[in-house]
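Let's take a walk through this structure together. Have a look at the model first, and then we'll go through it piece by piece.

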Amino acid sequence: MARTKAPDHESQREQILDVAADAFARASYPSTSMSELAAACGTSKARLYHYYASKDAILFDLLERYTKRLMLIVTEVEALGQRRGLSERDTFHELIRAFLDEYETSQTRHIALLNDVKFLNDEQREIVLNRQRDVVAAFARQLSRAFPERVAKHNQTALTMMLFGMINWTFTWLKPGGRMRYRDFANEVIAVLEHGLAAPLPDGIEAAIPAPATPTRTAPQS
């Protein structure tokens with residue numbers, strides 16, 4: 001008969017993931033052992049193996065859950081916009097705020113997502129990377145809806161990645177409890193977008209245009 005899981009099995013796994021994320025952020029994933037994780041969890045290595053078969057399994061569950069959470073935030077914000085009848089612009093503002101709220105409480109998980117995906121096996125890496133691509137695509141879609149006068153097919157990716165460049169590395173300098181709150185920074189990002197994307201480019205500055213396609217050279221016939 002299969003062994004049943006204890007009622008607190010899921011909460012124990014979440015606690016292990018919190019400890020692991022902290023350890024990976026502090027000492028790096030390769031340098032952290034299962035023995036060290038067990039000690040940090042206040043348990044034995046044998047008990048830790050009861051929840052996860054390997055350190056690799058911990059990393060995958062950590063990143064898989066976190067990227068699922070990010071996609072859920074996108075879905076929740078889109079539903080919020082529909083429910084409240086928000087404009088596309090206001091819905092996008094809420095998306096930025098929601099992501100930075102999440103980043104504030106998930107700093108170590110975010111660090112693992114940025115630094116440790118490369119340590120997953122091929123199948124697991126593709127799962128996590130595909131979900132990251134889905135998040136980026138969702139932001140690109142919402143950005144285009146929010147600023148249709150400035151965002152087009154040729155610059156959508158560049159502007160989306162510019163936004164992620166603004167918010168994705170906050171863990172390196174924006175500390176919880178500091179002089180600027182994450183919500184304050186979210187509003188600063190929104191202000192930059194509003195003043196930078198809501199209006200046409202100033203006179204004398206041309207919008208980026210796609211480079212002409214390079215003609216395909218055909219091999220000489222013998």
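This is a predicted model: local features need pLDDT of at least 70, side-chain atom pairs count only at pLDDT 80 or more; totals for chains, interfaces and linings use all residues.

Residues are numbered from 1 along each chain as its sequence is written, and side-chain values use heavy atoms, with hydrogens and water left out.

Start with the big picture. The protein chain has nine helices and zero strands; helices (H or I, at least four residues) and strands (E, at least two) are DSSP runs, numbered from the N terminus. Of its 222 residues, 38% are buried, where buried means under 20% relative accessible area, exposed means over 50%, and partly exposed is in between (1.4 Å probe, protein chains only). If you take the contacts (heavy atoms within 4.5 Å) between residues at least 6 apart in sequence, 70% of them join residues at least 24 apart.

Now zoom in on helix α8, residues 156-167. Its 12 residues reach 17 Å from first C-alpha to last, close to the 16 Å expected at 1.5 Å a residue; the expected span is 1.5 Å times one less than the number of residues. Which residues of α8 are buried? They are Leu159, Thr160, Leu163, Phe164 and Ile167. Seen down the axis of α8, these fall within an arc of 140°, so they line one face of the helix. (The arc is that of the directions from the helix axis to the C-beta atoms.) An α-helix has 3.6 residues a turn, so residues three or four places apart point the same way. Thr157 and Ala158, on the other side of α8, are exposed. The buried residues pack against α5 (88-105), α7 (122-146) and α9 (182-197).

Helix α9 is next. In α9, Tyr182, Phe185, Ala186, Val189, Ile190, Leu193 and Leu197 are buried. They cover an arc of only 145° around the axis, which puts them on the same side of α9. Their packing partners are α5, α6, α7 and α8.

What about the core? A nonpolar core is a set of buried Ala, Val, Leu, Ile, Met, Phe, Trp, Tyr and Cys residues joined through side-chain atoms within 4.5 Å. The largest one has 54 residues, and Ile58, Phe92, Ile96 and Phe99 touch the most other members. Helix α4 (residues 55-84) gives this core its largest share, 10 residues. Leaving out residues up to four places away in sequence, Phe92 touches Phe139, Gln142, Leu143, Ala146, Phe147, Leu163 and Leu193.

There is a pocket to find as well. Among the residues lining the largest pocket are Leu70, Phe99, Tyr103, His110, Gln132, Met161 and Asn168. α5, α6, α7 and α8 each supply at least two residues of that lining.

Finally, visit two loops. Ser28, in the loop between α1 (9-27) and α2 (34-41), has a positive phi of about 85° although it is not a glycine. Asp116 sits in the loop between α6 (107-115) and α7. Is Asp116 buried or exposed? It is buried, with a relative accessible area of 7%. Not counting residues up to four places away in sequence, Asp116 touches Phe24, Tyr29, Leu59, Leu63 and Ile111.

Methods
On a 1 Å grid over the protein atoms alone, a cavity is a set of points where a 1.4 Å probe fits but cannot get out, and a pocket is an open set with protein on both sides within 12 Å along at least five of seven lines; lining residues have an atom within 4 Å of a point.
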